[in-house]
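Have the structure open while you read.

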Protein chains: 2
Amino acid sequence: MSDSSKIAAILNPGRMLADGIPYPDYADAGRRLEAGEDWFEIWMNKSRSYEQLGDAALERGDTVSGGEWLWHASLSAHYAQFMWFHDPGRREAGQRAKSELYLRAAPHLLPAAERADIPFEDTSIPGYLRRPVDADGGEVPCVVLIGGLESTKEESYLFEAMCLRRGLATFAFDGPGQGELFFDRKLQPDFERYVSAVVDHLEAAEGIDAARLGVLGRSLGGYYAVRAAACEPRLRACVAWGACFDMTDFDAMPPHTRDGFAYVTGIQDRDEARAYLHEAIDLADVAGNVRCPTYVLHGRHDVIFSMEQVDKLREHVTSAPLEIVVEADGDHCCHNMGPVVRPRMADWIARAIAEVPAAL
Amino acid sequence: MSDSSKIAAILNPGRMLADGIPYPDYADAGRRLEAGEDWFEIWMNKSRSYEQLGDAALERGDTVSGGEWLWHASLSAHYAQFMWFHDPGRREAGQRAKSELYLRAAPHLLPAAERADIPFEDTSIPGYLRRPVDADGGEVPCVVLIGGLESTKEESYLFEAMCLRRGLATFAFDGPGQGELFFDRKLQPDFERYVSAVVDHLEAAEGIDAARLGVLGRSLGGYYAVRAAACEPRLRACVAWGACFDMTDFDAMPPHTRDGFAYVTGIQDRDEARAYLHEAIDLADVAGNVRCPTYVLHGRHDVIFSMEQVDKLREHVTSAPLEIVVEADGDHCCHNMGPVVRPRMADWIARAIAEVPAAL
């Protein structure tokens with residue numbers, strides 16, 4: 001089995017299409033894969049052709065198309081590399097193309113994505129702030145969006161649109177082990193410190209109502225979100241888009257997912273990486289400290305995180321209003337139910353933030 | 001071969017997904033179809049489940065989700081009936097459900113779709129006006145959107161969004177033979193009179209710059225658009241999303257498409273319907289009168305309208321700036337290239353309308 005076929009076997013089209021991959025591209029990639037073409041090249045070629053479209057549009061002054069085609073280029077580069085953990089050179093090339101293309105798309109998106117590089121120790125946290133178009137000068141609440149094992153700040157564009165339509169600003173960023181920051185910081189046990197730096201940044205940002213901040217994390221980001229909510233009282237609502245409490249499921253995960261986890265630790269030895277992950281990813285020490293309303297979405301057919309993760313969250317998150325939704329037909333993050341579960345999460349967090357008492 | 005399998009054989013997933021059918025629904029319908037379920041029921045069930053989600057959301061006050069789920073319900077009902085010409089009872093039930101659901105979605109869409117029923121002889125022309133959100137009080141240009149053989153005003157929601165993002169208002173309506181108006185008016189040779197009534201309506205509408213109106217029609221709507229541009233000088237730009245000049249391709253069309261054409265004439269006898277279509281659909285008498293900039297998009301692999309239609313447009317539309325784009329890999333309306341061709345058409349018409357000289 002080639003690397004490409006291994007990747008094909010674990011693809012989740014529900015995820016890819018809900019995040020913005022156009023169906024014709026998905027279908028074409030499938031045909032090319034069957035014909036023996038290389039997955040990475042298929043998608044990097046698509047990325048390059050969208051990039052050309054985007055650049056030409058910008059030259060003509062067609063900024064809406066320019067921004068969106070560059071975003072398509074970025075998303076194509078994402079899927080070129082997203083599971084390419086066995087080939088760090090290609091993974092880095094794809095990752096850097098993805099970030100660079102989105103950076104160029106950012107000012108042309110509607111609404112624009114405002115780039116931030118938040119100083120943090122000897123590095124900086126890269127992120128994008130987007131504000132609802134109809135904010136007419138007033139302060140708006142904001143939801144902090146966290147990616148997962150290989151999903152990054154560039155991937156939440158369409159989910160951001162859902163939040164923006166509901167009057168929420170969004171701030172998507174890469175934490176340690178993710179996207180751009182991976183090159184400076186591998187996966188770390190203290191992701192919440194990075195979230196707090198983001199909260200500091202949002203407190204200082206003009207037009208953002210810092211008393212109404214929420215956090216939403218996807219897949220492994222669901223773990224980070226709950227951890228941040230436990231440690232950062234300025235977060236007033238939390239969504240775990242997929243339940244993850246600790247790494248007890250690790251040995252049962254699909255091989256590519258295990259490879260990914262090992263990769264983002266930066267530790268070469270597989271046993272060492274495994275031991276580190278067990279230690280670094282565990283909510284037991286903080287889960288009892290979550291105070292804000294928290295929503296957990298989980299799919300019963302998730303092959304990465306088992307129902308045990310849901311049970312542990314229910315057991316440990318005991319000091320917060322906790323709503324757990326388990327979808328009997330849902331896969332990982334319920335990507336196969338995107339049109340139902342995604343708007344519902346956006347509604348939930350918009351409402352939870354709106355209901356924060358006005359004065360403390 | 002069952003009716004359902006015949007429909008499955010001619011499905012165009014590029015179209016369905018680009019117009020808003022979520023991938024999980026498309027994939028699920030495919031599985032059910034293989035298991036022997038009935039196409040109409042599969043989609044009407046989806047429609048009902050989105051309707052329930054939408055109604056519940058509206059009851060909770062979640063108007064964004066409410067509007068979008070009702071739109072999903074409408075679109076699902078559309079695909080239940082779209083090729084069900086052999087069973088007028090079901091077709092009418094699906095069609096009426098589609099219109100009714102969209103009507104309920106309309107006020108909650110962002111931006112809202114404002115319903116209009118434009119008096120016309122002894123009936124009225126149903127349509128929806130949508131205005132760009134950032135219009136800040138000034139007058140905005142508007143593009144009139146025309147559906148095709150079975151596509152209607154409810155189907156252009158995502159394409160409207162493309163126009164709206166580019167600062168254009170949109171007015172989508174059903175003409176004779178289409179959608180809601182079909183029950184009052186079958187296909188007629190004078191579609192342009194209905195477009196002129198729409199233009200009258202837009203001239204009177206507040207906030208619309210009536211000196212900057214364009215028209216864009218899809219599939220058979222491409223024929224109507226060029227016809228309207230030829231006869232209605234207040235239209236200042238025209239897009240034919242698919243070339244159709246006359247019915248010379250009729251006998252070579254897929255059987256379901258021929259059934260559809262016969263159906264919308266309301267004529268039972270197939271030979272009579274065929275003769276009527278040849279007479280009613282022909283641009284030869286007016287094509288030379290088109291004066292406004294006109295853009296034609298066509299796919300070389302279109303199995304409904306052949307390249308001859310493109311050649312005839314080139315031959316006859318000689319008094320207007322004419323841009324013809326033929327995509328070598330494109331299917332009918334280039335639905336298999338949606339993410340490339342759709343933004344390009346929106347850019348083209350936005351620019352053509354913007355370039356209309358300020359004073360005449």
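Predicted model: local features only at pLDDT ≥ 70, side-chain atom pairs only at ≥ 80, totals over all residues.

Residues are numbered from 1 along each chain as its sequence is written, chains are lettered from A and ligands numbered from 1 in the order in which they are written, and side-chain values use heavy atoms, with hydrogens and water left out.

## Where the chains meet

Let's start with the interface. Chain A brings 29 residues to the contact and chain B brings 29 residues, with contact meaning heavy atoms within 4.5 Å. Together, chain A and chain B bury about 2,300 Å², 60% of it on carbon and sulfur atoms. Buried area here is the accessible area (1.4 Å probe) that two parts lose on being put together, summed over both. Y23(A), R165(A) and P339(A) account for 24% of the area that chain A buries against chain B, more than any other three residues.

What about charges and polar atoms? Four salt bridges cross between chain A and chain B, a salt bridge being a side-chain nitrogen of Lys or Arg within 4 Å of a carboxyl oxygen of Asp or Glu. R165(A) takes part in a salt bridge with E68(B), with 2.9 Å between the closest N and O atoms. There are also twelve residue pairs in polar contact between chain A and chain B (both at pLDDT 80 or more). A polar contact is a pair of N or O atoms within 3.5 Å; within protein, one must be able to donate a hydrogen and the other to accept it, and residues adjacent in sequence count only if both atoms are side-chain atoms.

On the side of chain A that touches chain B, the elements giving two or more residues are α2 (13-19), α3 (23-34), α4 (39-60), α5 (63-81) and α13 (338-354) of chain A. The largest share of that side, six residues, is from α13(A). Helices (H or I, at least four residues) and strands (E, at least two) are DSSP runs, numbered from the N terminus.

D347(B) sits in helix α13 (residues 338-354) of chain B, and at 7% relative accessibility D347(B) is buried. Buried means under 20% relative accessible area, exposed over 50%, partly exposed in between (1.4 Å probe, protein chains only). The side chain of D347(B) reaches the side chain of S65(A) in a polar contact of 2.5 Å. Leaving out residues up to four places away in sequence, D347(B) touches R60(A), D62(A), S65(A) and R166(B).

Over in chain A, K46(A) is part of helix α4 and is buried, at a relative accessible area of 11%. With residues up to four places away in sequence not counted, K46(A) touches D25(A), D28(A), A29(A) and S76(A). The C-alpha atoms of K46(A) and D25(A) are 7.9 Å apart, though the two residues are 21 residues apart along the chain.

## A strand with two neighbours

Now for β2 (residues 123-130) of chain B, where seven of the eight residues are buried. Strand β1 (residues 114-120) of chain B runs antiparallel to β2(B), joined by seven bridges; two strands pair if DSSP finds at least two bridges between them. I118(B) has I125(B) in β2(B) as its bridge partner. The hairpin of β1(B) and β2(B) has two residues between the strands, and E121(B) there takes a positive phi near 50°. β2(B) is also joined to strand β4 (residues 169-173) of chain B, antiparallel, by four bridges, with L129(B) partnered by F171(B) in β4(B).

## Salt bridges within the chains

Over all chains, the whole structure has 84 salt bridges. Three of them are listed here.

| Pair | Closest N to O distance |
|---|---|
| E160(A) and R130(A) | 3.0 Å |
| R218(B) and E155(B) | 3.7 Å |

R115(A) is partly exposed at 29% relative accessible area, and E180(A) is partly exposed at 25%. E160(A) and R130(A), by contrast, are both buried. R218(B) is buried at 8% relative accessibility, as is E155(B) at 3%.
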